[in-house]
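Here is a protein to read with a few plain rules.

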Amino acid sequence: MVAFLNNFRKSNLLNLCLRTLQLVQGLVVIGLYGVDLNRANREHKYSDGKWARSTTDPISLPVEVTRLLTVIQVYAVVCGTMSAVTAVAYGLVSVFMQYHTVALLFAWDWVLVILWAALSGIFGSMYIGEKVEMEAGIHRMKVAVGFDLAGLILWFITGSMGLWWFFAERRGAGRVAARGKA
């Protein structure tokens, strides 16, 4: 056990902490958006795009719009799921391998950055300016937007760390090769 801890570098510990935060963030996003999807599924209908309209509200959106907005909710749950699975996989890999092995997988981190940026933009434009006014659904979606932005930031950090490590390793390998020729 002591030998294991001696080989556990600070970069592994930082990676494990970031991956744990990403896991928690992904699970929270799944829960926040999944509530509305579950409710719509139980009622055998599409969920409303703003998720906070009261049932007594005579104004309803066209069916095509509500279908599109349900797809966006599903997209949010898929992003949360992919983030949670990736965080667990990368976290486990970082426990048993050196950080540079995990850093080589930085391209997938950048794919998730793009997915979270799109999700944050979509829901941010819908909810950042909304007034809560006694509607729990709008408040929940504003909280979800905060977690979307947190996911964007966390995946940006790990993607940047992986990219930096990748180029630092390549520069270091080039110096070693140059020294060998001299």
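A residue counts as buried when its relative accessible area is under 20%. Phenylalanine 123 and tyrosine 127 are both buried. The model is predicted.

Q: What makes phenylalanine 123 buried?
A: Its relative accessible area is 0%. The cut-off for buried is under 20%. So phenylalanine 123 is buried, at 0%.

Q: Why is the pair of phenylalanine 123 and tyrosine 127 called stacked?
A: The ring centres lie 6.4 Å apart. Rings pair if their centres lie within 6.5 Å. The planes stand at 10°, and planes under 30 degrees apart count as stacked. So this pair is stacked.

Q: How far apart in helix H5 are phenylalanine 123 and tyrosine 127?
A: They are 4 residues apart, which is about one helical turn.

Q: How many aromatic pairs are there in the whole structure?
A: A search finds 6. One of them joins tyrosine 33 and phenylalanine 123.

Q: What makes the pair of tyrosine 33 and phenylalanine 123 tilted?
A: The centres are 4.8 Å apart, and the planes make 45°. The distance limit is 6.5 Å, so the rings pair. Under 30 degrees would be stacked, and over 60 would be edge-to-face.

Q: What does the pair of tyrosine 33 and phenylalanine 123 tie together?
A: Tyrosine 33 lies in helix H2 and phenylalanine 123 in helix H5, so the pair links parts 90 residues apart in sequence. Tyrosine 33 is buried, with a relative accessible area of 0%. Tyr33, Phe123 and Tyr127 form one aromatic cluster.

Q: Why do aspartate 109 and arginine 19 count as a salt bridge?
A: Their side chains meet at 3.2 Å, N to O. The rule asks for a nitrogen of Lys or Arg within 4 Å of a carboxyl oxygen of Asp or Glu. The value of 3.2 Å passes, so the pair is a salt bridge. The structure holds 1 salt bridge.

Q: Are aspartate 109 and arginine 19 buried or exposed?
A: Aspartate 109 has a relative accessible area of 2%, and arginine 19 is at 3%. The limit is under 20%, so both are buried.

Q: How do you know that the span of H2 is close to the expected one?
A: H2 has 33 residues, and 48 Å is expected at 1.5 Å a residue. From its first C-alpha to its last, H2 reaches 47 Å. H2 also bends by about 35° at glycine 34.

Q: What span should H5 have?
A: Its 22 residues should span 32 Å at 1.5 Å a residue. The end C-alpha atoms are 31 Å apart, which agrees. The buried residues of H5 include Leu112, Trp116 and Gly124.

Q: Where does UniProt place the feature "transmembrane region"?
A: The unreviewed entry places it at residues 12-35, 72-93, 105-129 and 149-167. In the model, residues 12-35 are 100% helix, with ends 35 Å apart, C-alpha to C-alpha. Residues 72-93 are also 100% helix, and their end C-alpha atoms lie 31 Å apart.

Q: How many helices and strands does the protein have?
A: There are 6 helices and 0 strands. Of the 182 residues, 35% are buried.

Q: Why is phenylalanine 166 called partly exposed?
A: Its relative accessible area is 22%. Buried needs under 20%, and exposed needs over 50%. The value of 22% falls in between, so phenylalanine 166 is partly exposed. This residue of helix H6 (residues 136-181) is in contact with Leu104 and Phe106, leaving aside neighbours within four places in sequence.

Q: What makes threonine 86 buried?
A: Its relative accessible area is 8%. The cut-off is under 20%, so threonine 86 is buried. Threonine 86 lies in helix H3 (residues 63-96). Not counting residues up to four places away in sequence, threonine 86 touches Trp108, Leu112 and Trp155.

How values were computed:
Residues are numbered from 1 along each chain as its sequence is written. This is a predicted model: local features need pLDDT of at least 70, side-chain atom pairs count only at pLDDT 80 or more; totals for chains, interfaces and linings use all residues. Side-chain values use heavy atoms; hydrogens and water are left out. UniProt positions are given in the numbering used here, feature names are shortened, and annotations may be inferred rather than shown by experiment. Helices (H or I, at least four residues) and strands (E, at least two) are DSSP runs, numbered from the N terminus. Buried means under 20% relative accessible area, exposed over 50%, partly exposed in between (1.4 Å probe, protein chains only). The expected span of a helix is 1.5 Å times one less than its number of residues. The bend at a residue is the angle between axes fitted to the seven residues ending there and the seven starting there. Contact means heavy atoms within 4.5 Å.
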